[in-house]
Amino acid sequence: MKKRILIGFTFLLSLGAWATAQAADPYGKYDSPVTINIGNRIDPTGKFPEGDSPENNVYTRYAKDTFNIIVKDVWQSSYADYDRKLNLAIASNDLPDAMVVNDAQLRQMLKADQLQDLTDVYAKYAGPLLKAAWAKTNGTADKAVTFNGKIMAIPGITVPDDGYTLAWIRKDWLDKLGLKVPQSLDDLEKVAKAFIDKNPGNLPKGTTIGIGGPQSGGQLYGDFLFHSTNNNFAFDPIFSAMGATPGYWIAGKDGKAVYGSIQPETKAALAKLADFYKKGLIDPEMSVRKDATEGIIAGQVGIFFGPWWHGYWPFPDAMKQNPNANWQAYAVPLNASGKWAPHSGNSHTQFLVVRKGYAHPEAAIKLQNGLMRDQFTFNVEATRIENYPIRTVIGMPDDLLVARKAALDVLMGKKKIEDFQGGDYRSYPYLLDDIKSLLLVKKPPFDNFDIQYWDTTSPKWPRIYSIIVGGAPYSNLSFKVSQLPFYSSTKTIETKWASLKKMEDETFVNIILGGKPLSAFDEFVTKWKAQGGDTITAEVRQELGQ
Amino acid sequence: MRNRGLSKHYYLMLLPGFAWLLLFSILPMFGLVMAFQDYNPGQGVLGSPWVGWDNFQYLLELDDSRTIFFNTVYISVLKILGNLLVPLVFALLLNELRLGFLKKSIQTIAYLPHFLSWVILGGIMLDLFSLHGPVNHLLSAFGVRPVSFFGRADLFPGLAVGSDVWKEFGYNAIFYLAALTGISESLYESASIDGATRWQQLWTVTLPGISTTIVLLTVLSLGNVLNAGFDQIFNLYNPIVYSTGDIVDTWVYRSGLINLQYSLATAAGLIKSFVGFLLIVLAYFLADKYAQYRIF
Amino acid sequence: MIRDRSSSSRVFDIFNSIFLVAVALLCLLPLWYTLCVSLSDKSSVAAGAVQLWPVGVNLNSYNQIMHDSQFVQAVWVSVQRVLLATVVQFIVVVCTAYPLSKTTKQFRGRDVLMWIVVFCMLFNGGLIPWYQTIRSLGLLNSLWALVLGPGLPMFSVILVVNFVRNLPKELEEAAEMDGAGPWFTLFRIVIPVSVPVLAATMLFGIVFHWNDFMVGLILMTKSENYPLQTYIQQMVIVMTSTMSEEQYKRMNEMSNQTLGAAKIFIAILPVLPLYLFTQKYFIKGMTLGSVKE
C-alpha cells in the first residue's frame, strides 16, 4: 500500500515538474504557425513603404518572426466605419478571432456568449509590462473586465488625465486687461464679462464669446455611459465648482450611490448657467451652432473647457489664424471650499477580446506583449503604429505626468536625453521622441510657457504643448475626483435610459437657454425617479456592492 | 386561348426579376421575425427567445411615444405634400419655358442639391440660419431681430420639411417631366383651336395627361408616411428641439447606442412598413371602388 | 402648350423665367459655397471665414483624394459597377414591367405579382438578414454584390408599368394583328416608345450606384474592392470619446470640411455630363417618336 502511494506521489510530482517545464512563455514563439483572423481598423489613405499594405507590413512580419503568428484580415475598415462593421459582425455572429471593441459592444458580446474566457490565458501569458500596467490602475482594470469572477477581455488603459476638464483661457486677453487668472466662479464671471465689454481681441462688435459652449447635439457635461472622458466645449468645471456632478453616479449623504443629475447642487448650477447665459457671457449660439471649435479658431472665444490635449486640436488651426493667441490651461474654477474638485472618467473604453472557440487565445495576448515590450524600437515614422494588429492602447496611467516631468527636467537642464533610454521608461513609448523634440518646439526662456516662446508650426508642437501646458494645472495638485467608478449598464438602464437621458438633455438645455423655468428641474427629478430612475439607482448600488 | 399561350412568355419574362426579388428581398425577410424576439446574436434568428408583441408594446408605451410618433407623422406628411406639389409645379413651369438652353440649365442646376449629403447640407443649414448668418442678416434689413432658428422647437419641422423639399424637388421633377413628354402635341392643338387659354389648357390637357403619374406618385409616397428622414433629422436636430424634432428613427438610434438594439429597430421598421403598406392598400381599393381606376 | 399672343401670356412668360432663374440660383448657392470650401485653406474654413469666395485657394483636398493610389482603383470599381448595374437593370426592369402592365384579363397572375412587388418595396427584413443572405450566397466582396445587393429596382418597375399601361392600346393591337409575339412587341415596339421613362429610370440607377457608399461598406470586406464613394467617405474622421491621442493627431491632419466638400464635387462631376446627355430623352419638345391619333 505504502509503495503504491509512493509511486503515485512520485508520478504526480513528476507530472507537476513536467507541467511547469512547459510553462507558458509570454513571448514564446509557436512551433507551427498560428493564424489569427482580425477585423482590421486601418487608415485607407495611410502611407506604407514600397510593397507594404495593411495586411503585410513591418508589424505583421514582426508577428510572424517573433511569435510565428500569421495575421489575416477578414475585413478592413477605416476608423470612421469600424464600429458599423464590427456591430454587423457581432449581430450576424460572423466574428474574427480577436478584435478591439468598445464597452457597449463588450456588453453585447457577453450577453450573446460570444467571448472566450481569458482568466487562465491572462494568468499564464500576460507579459510583465502588461501586468505592471494593469496593477497600476488600482483595481479599475480588474473591475472593467471581470464578469462573474472571470476575465473576459484585456482592457485598454488610457491616462485618467483624459477625464479632467480644465479651463483654457486666453492669457493674452487677461494680460491685456490686467486681469488675474480667475479662481472662483465669481472671478470667472467677471473675467468673461470683461472680455465681452472691453473686447481685448479687437473683434467686431457682438462677436466676442466669453465662455464657449457646445455645438448642435453636443453635451452639456460628460456622463458615465456614453462620454465619461474627453469632454470638451461643455460646462463640467462650472458644475464641479457648484459642487454638482451631473451625468455621473456619486456618493450620496449616506455614502450610497445616487445619480448626480437629480441632486440639488445640479439645480443650483443650472440656475447659475442660466444666469450666465442671460447675461450674454456664454456663446449665444450654444447647442445650436454647427461647430464648437469655430469660435476658438476664429479667435472669438476667451474661455472654454476641455482636457489637456487641445494642443492637437483645434489650436494648430487657431494658431494659423491668430499666432498670438496665448491659450493656457488652469485648474479653475474652484468650489466653495476653495478646492478644484473635478470629476474624472473611465480609463477603460477599449477592450481586446477573443471570440469563443478560437483555439489560440494566447496569441492575442502575445501580440500585446510584443507591442508593449518592443514598441519603442519600431520606426513609427515609416509605418504608423496603428497598423500593429489588434493594437489596444495599454499605457501607464501616469504617462502624461511622467512625460511632463521628464520634459521639464530636460528643459531646465536637470536631466539629459540619454537618461530616458530604456530601463524604467520602456513602458512610456512616446517619451524618448518627446524629449528629442523639445528643442524643435520650445524657444528660450525655457521656464516661460507663453505662446510666443513656442514654434507653433512644428508638427511636434501639438503633443509637447499639450503635455507641458495642458498638464500644468494639476501635475502638482492633490485633489479627489467627485464621481463613483461606475461606467457600465444595468438591466433597467437598457430599457429605460434612452427616455430618461432624453428628458434630462431636453430639460437642462432649455433651462440654461431660458426656454424653461428652473422649476422644470423639480418636475424632471420626480419623473426621473418614477420612470425607472429609482430602479436603476438600486441596481447601480447592487453593482457597487452597497 | 391566345392569352394562355402568352402567359407562358410573360412568366419567362418575369423570371429574372422575380428571382432577383426572391433572393435579395424576400429571403432576407426572415429577419422580420427578430421584431418578435429578444434577438441574441449568439443564438441567431432560430434560437433567440420569443417575446411576442413585447417590442411593439415597448415602443408604443414609451413615455414620449405619443410625441415621437406625432412628430414622425407630422414631418413626413408635410414632406410628402411638399415633395409632390413643389416638383409638379416646378415641372409645369419649366415646361412653359421656350428657351431650350435656359430650360436645360435650370433643370440641371435644380437637380444638383440632390447630391449633397445631409452631413454637408446639415452643416450648411446650421450656418445659414445661425445668429450671424445670411438669413438673419436679411431679416435685420427688415428690422426683425435675430432668430435662433435651430434653437426653436416651433420652427424645426418647417426647416426640416423646407430643406428636404428644396433638396429633392429637382430630382423628383424628373418623373413629371418624363410624363409630360407623353402628352401628344395634337391635343394641345385641338384645345387651342377650341379657344382654350394656356391656363385652360393646363387643366384640360396637361394635368389630365399626367394624372396617372401624379396619382401613382402620391399613392407610393403614402408608403413613407412614417419615414420622416433619419439622415436629415439626425444632422439637424439637437435636444432643444426634441419636442418637435425627435422621430421614431432618431429615438431608436439613441437607444441603440446603449446596447445594439436589433429587435427594437426591426420592430420600429415593421411598424413603419406596415402602416405605409396599409395606407397604400387603402388608397388602392378606394380608387378601385369609387373611381374604377386601378392605380397599378 | 400652345401659346397665344395675349399680353397676359407674355407677362407670365417673363415672370416665369425670372422666377425659375431665381430658383436655380437658390439651388446653386449652397453648391457654390461647397465648391469654395473645397478649394479653401483648412483653418480658414474652420474659422468660418469662407462665405461666397474661397479663402486661401488651394487644391490640397482634391490632391489628397485623387493622388491616392487606391483612388484610381476605387473609381474603376465604381465604373464597372455602374456599367454592369445599368445593363442588368435595364433588361430586368423592362422584362419585369412589360408583363405586369398587362390587364388581368390578358395575364392572370399580374395582380398578385404586382402586389408582391409593392410589398417588397415597403417591407424589408433589416440589415443583418440581408447581409447574412448575401454572405451565404457567397457574393461578399464581389462586384455582383454591389450590383444585385440593392435588390430589384421596384420603384422603377412600377413607374415603367404605369407608363406602359398608359400607352395607346392601338399600338400593341396593331403589332398583334401583324402577328408579332410578346418578345417582339416588347423589344421593337414598347421599348422605343417608352424611352422617356426608361431614360429617367436608367439615370436614377446610374446616379444611385455611383453615389452609394452604404452597400459598398457593408458588402465589401477589403478596401481595395471599395467603390469610389465608400472609399472616399472614409476620409473624414468622426470624433468619438474613445479616440486615442494618435487619433486626435490625425483629426488635425485629416478631418476637415474642405475634404468633405471636395468629395461632393468628385461625386458630382461625372454625373453632370451624363445628366445633360440623358435630359433630351425626357424633356418635352425632344421626344423620339409619338403616336398619331
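Chain C of this predicted model averages a pLDDT of 82, and 87% of its residues score at least 70. Here pLDDT is the predictor's confidence in each residue, from 0 to 100. The model as a whole scores ipTM 0.89 and pTM 0.89.

Residues are numbered from 1 along each chain as its sequence is written, while chains are lettered from A and ligands numbered from 1 in the order in which they are written. As this is a predicted model, local features need pLDDT of at least 70 and side-chain atom pairs count only at pLDDT 80 or more, whereas totals for chains, interfaces and linings use all residues.

**Confidence along the chains**

- In chain C, the lowest confidence falls in helix H14 (residues 245-254), with a mean of 47, and the highest in helix H7 (residues 143-148), at 94. Helices (H or I, at least four residues) and strands (E, at least two) are DSSP runs, numbered from the N terminus.
- Residues 237-243 of chain C have a pLDDT below 50, and this stretch has 17 contacts in the model beyond near neighbours in sequence. Two residues are in contact if their C-beta atoms, placed from the backbone, lie within 7 Å.
- Residues 285-293 of chain C also have a pLDDT below 50, with twelve contacts in the model beyond near neighbours in sequence.
- Chain A averages a pLDDT of 90, and 96% of its residues score at least 70.
- Within chain A, confidence is lowest in helix H1 (residues 2-21), at a mean of 64, and highest in helix H11 (residues 264-278), at 97.

- Chain C has 15 helices and zero strands.
- Of its 293 residues, 46% are buried. A residue counts as buried if 20 or more other C-beta atoms lie within 10 Å of its own, as exposed if 12 or fewer do, and as partly exposed in between, with C-beta atoms placed from the backbone.
- Among contacts in chain C with a separation of 6 or more, 69% involve residues 24 or more positions apart.
- Chain C is divided into domain 1 (1-58) and domain 2 (64-282); such bounds come from an automatic or database domain assignment.
- The C-alpha centres of these two domains of chain C lie 29 Å apart.
- Eight residues of domain 1 of chain C are in contact with seven residues of domain 2 of chain C.
- On the domain 1 side of this contact in chain C, helix H1 (7-38) and helix H2 (42-46) are the elements that give two or more residues, and H1(C) gives the most, with four.
- That side of domain 1 of chain C holds four nonpolar residues, three polar and one charged. Ala, Val, Leu, Ile, Met, Phe, Trp, Tyr, Cys and Pro count as nonpolar, Asp, Glu, Lys and Arg as charged, and the others, Gly among them, as polar.

- Chain B comes to 14 helices and zero strands.
- The C-alpha atoms of chain B fill a box of roughly 75 × 70 × 35 Å, taken along the principal axes.
- Buried residues make up 44% of the 296 residues in chain B.
- The contact between the chains takes 72 residues from chain B and 72 residues from chain C.
- Several helices of chain B each supply at least two residues to the side that touches chain C, including helix H4 (65-96), helix H8 (156-180) and helix H14 (262-291).
- H1(B) gives the largest share of that side of chain B, 15 residues.
- By class, the side of chain B that touches chain C has 43 nonpolar, 24 polar and five charged residues.

**A closer look at chain A**

- Chain A is divided into domain 1 (22-158 + 347-387) and domain 2 (165-343 + 482-543), with C-alpha centres 35 Å apart.
- Helix H18 (residues 491-513) of chain A has 23 residues and reaches 34 Å from its first C-alpha to its last, close to the 33 Å expected. The expected span is 1.5 Å times one less than the number of residues.
- H18(A) has a kink of about 55° centred on Trp497(A); the bend at a residue is the angle between axes fitted to the seven residues ending there and the seven starting there.
- In H18(A), 19 of the 23 residues are buried.
- Ile238(A) lies in helix H10 (residues 236-241) of chain A, and Ile238(A) is buried because 25 other C-beta atoms are within 10 Å.
- Leaving aside neighbours within four places in sequence, the contacts of Ile238(A) include Leu185(A), Ala269(A) and Pro333(A).
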